Amino acid sequence: MKRMRAELGDITACENDVIVNAANSNLAAGGGVCGAIFTAAGPGLSAACMEQAPCPTGEARITPGFSLNAKWIVHAVGPIWRGGGDAEASLLASAYRASLQLAVSVGASSIAFPAISTGIYGYPIESATKIAVVTCEAAPDLITEIRFICFDESTLSIYEQVLDAL
Ligand code: AR6
């Protein structure tokens, strides 16, 4: 099986060692995938996040998975898209790298990512997908499974194109 693959789904249902949340710097419950993760994980998550906030853009924090099937949740803060001249690309790559490093630090071998920054934060999907895939391709060898969980068909088709072009 390929180490990286894209699939349609809801990340809150994933049974990987780690699922990644597209978080905000306050590590507060928000909308989008973040809201779904907070709801599914249950009330323990807010307290665990509050202890670790704030988390600057481009960095990540890790908490247990609480009621989720995943053992751990990595909360990665991607950049808000401001036109591309505000270091968005390097901050997005940094959020993916930080997530992978945290996964390794807890001995995880499988990780599931949403399309960080491409929803409420407005990052253009094609360029965000290239950054996600290229950064994850360089993940440490200890990570043997990387899933890109796409919430809609159009996101999935972009991930598949970028993965096929590797
Ligand atoms: N599973 C997988 N992907 C999902 C799910 C889900 N359950 N729900 C949404 N997506 P977004 P951002 C997709 O807006 O742009 C929050 O309020 C969604 O379709 O969740 O990084 C945070 O607290 C899109 O493709 O994250 C922050 O304040 C992708 O997940 C802010 O939004 C990311 O969309 C972060 O914005």
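Predicted model: local features only at pLDDT ≥ 70, side-chain atom pairs only at ≥ 80, totals over all residues.
How far is the sulfur of C136 from the closest cysteine sulfur, and in which residue does that sulfur lie? The distance is 12 Å, and the partner sulfur belongs to C150.

**Cysteines**
- C150 is in no disulfide either. Its nearest cysteine sulfur, that of C14, is 11 Å away.
- C136 is buried, at 0% relative accessibility.
- C150 is also buried, at 1% relative accessibility.

**T135 in helix α4**
- T135 sits in helix α4, which spans residues 125-137.
- T135 has a relative accessible area of 10%, so it counts as buried.
- The T135 side chain reaches the backbone oxygen of I131 at 2.6 Å.
- Beyond its neighbours within four places in sequence, T135 contacts A93, Y96, R97 and L100.

**The sheet**
- Six strands make up an open, mixed sheet. Their order is β1-β6-β5-β2-β4-β3.
- The edges are β1 (4-8) and β3 (60-64), each pairing on one side only.
- From one strand to the next, the twist averages 25°.
- β3 pairs with β4 (residues 72-76) in the antiparallel sense, over five bridges.
- I62 has V74 in β4 as its bridge partner.

**Helices across the sheet**
- Helix α3 (residues 88-105) lies across β2 (18-22), β3, β4, β5 (110-113) and β6 (145-150). It runs at about 150° to β5.
- Helix α5 (residues 153-164) lies across β1 and β6. Its angle to β1 is about 165°.

Terms used
Residues numbered from 1 in each chain as written. Heavy atoms only, no water. Helix = DSSP H or I, 4+ residues; strand = E, 2+ residues; numbered from the N terminus. Buried < 20%, exposed > 50% of the residue type's maximum accessible area, 1.4 Å probe, protein only. Polar contact = N/O pair within 3.5 Å; in protein donor to acceptor, adjacent residues only side chain to side chain. Contact = heavy atoms within 4.5 Å. Disulfide = S-S within 2.5 Å. Pairing = 2+ DSSP bridges. Axes fitted to C-alpha atoms, helices over the stretch in contact; angles between N-to-C directions.
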